Amino acid sequence: MKVVNYSCMPGVGSVAKKDQADLRAKLMEVFGAGSIGTYYNKVNCYRNIPWHIKQRVDEVFNSFGVPSESVWHTWEEEEESCE
């Protein structure tokens, strides 16, 4: 079974430094992240992100002027089955 990993670090790097705290707060809310550690885990590698969360992340970045196509880095990997 293939797993698709998503990283929105390219988008984070596109947001001005003065807006980083606001971006982090909004993304923590979208991710439901209760800690900075969870936030960074989700930003760096979110496995098989649900469509509705990806859409909300895109909306957050769009509010900072970053288009959706500039937000994501994705890659696939094999995951062993549970059998």
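Okay, let's start with strand S1, residues 2-7, which is joined to strand S2 by two bridges, with the two strands running antiparallel. When I say strand or helix, I mean DSSP runs numbered from the N terminus: helices are H or I with at least four residues, and strands are E with at least two. And two strands pair if DSSP finds at least two bridges between them. In that pairing, Tyr6 sits opposite Tyr46 in S2.

Before I go on, a word on what you're looking at. This is a predicted model, where local features need pLDDT of at least 70 and side-chain atom pairs count only at pLDDT 80 or more, while totals for chains, interfaces and linings use all residues. Residues are numbered from 1 along each chain as its sequence is written, and side-chain values use heavy atoms, with hydrogens and water left out.

Back to the sheet. S1 is also joined to S3, by six bridges, and that pair runs antiparallel too. One of the partners to look for is Glu78 in S3, which bridges to Lys2. Put together, the three strands make an open sheet in the order S2-S1-S3, with antiparallel pairing. The edges are strand S2 (46-47) and strand S3 (73-78), each pairing on one side only.

Now zoom out to the whole chain. It has four helices and three strands, and from the N terminus the elements go β-α-α-α-β-α-β. The C-alpha atoms fill a box of roughly 50 × 25 × 20 Å along the principal axes. Of the 83 residues, 34% are buried. Buried here means under 20% relative accessible area, exposed means over 50%, and partly exposed is in between, using a 1.4 Å probe and protein chains only. Then there are contacts, meaning heavy atoms within 4.5 Å. Taking the contacts with a separation of 6 or more, 75% are between residues 24 or more positions apart.

Let's pick Phe61. Which residues does Phe61 touch, not counting those up to four places away in sequence? Cys8, Gly11, Val12, Val15, Leu23, Leu27, Val66 and Val71.

Over in helix H4 you'll also find Asp58. Asp58 counts as buried, at 10% relative accessibility. Leaving aside neighbours within four places in sequence, Asp58 is in contact with Ser68, Val71 and Trp72.

Next, helix packing. The axes of H2 and H3 come within 10 Å and cross at roughly 85°. That makes H2 roughly perpendicular to H3. The axes are lines fitted to C-alpha atoms, for helices over the stretch in contact, and angles run from 0 to 180 degrees between N-to-C directions. For the wording, under 35 degrees is roughly parallel, over 145 roughly antiparallel, 65 to 115 roughly perpendicular, and the rest oblique. On the H2 side, the contact is made by Arg24, Leu27, Met28 and Phe31, and on the H3 side by Ile36, Tyr39, Tyr40, Lys42 and Val43.

Last, two loop residues. Asn48 lies between S2 and H4, and its phi is near 45°, a positive value in a residue other than glycine. Most residues other than glycine have a negative phi. Asn48 is partly exposed, at 42% relative accessibility. Asp19 is in the loop between helix H1 (9-14) and helix H2 (20-31), and is partly exposed as well, at 22%. Asp19 and Asn62 are 43 residues apart in sequence and 13 Å apart in space, C-alpha to C-alpha.
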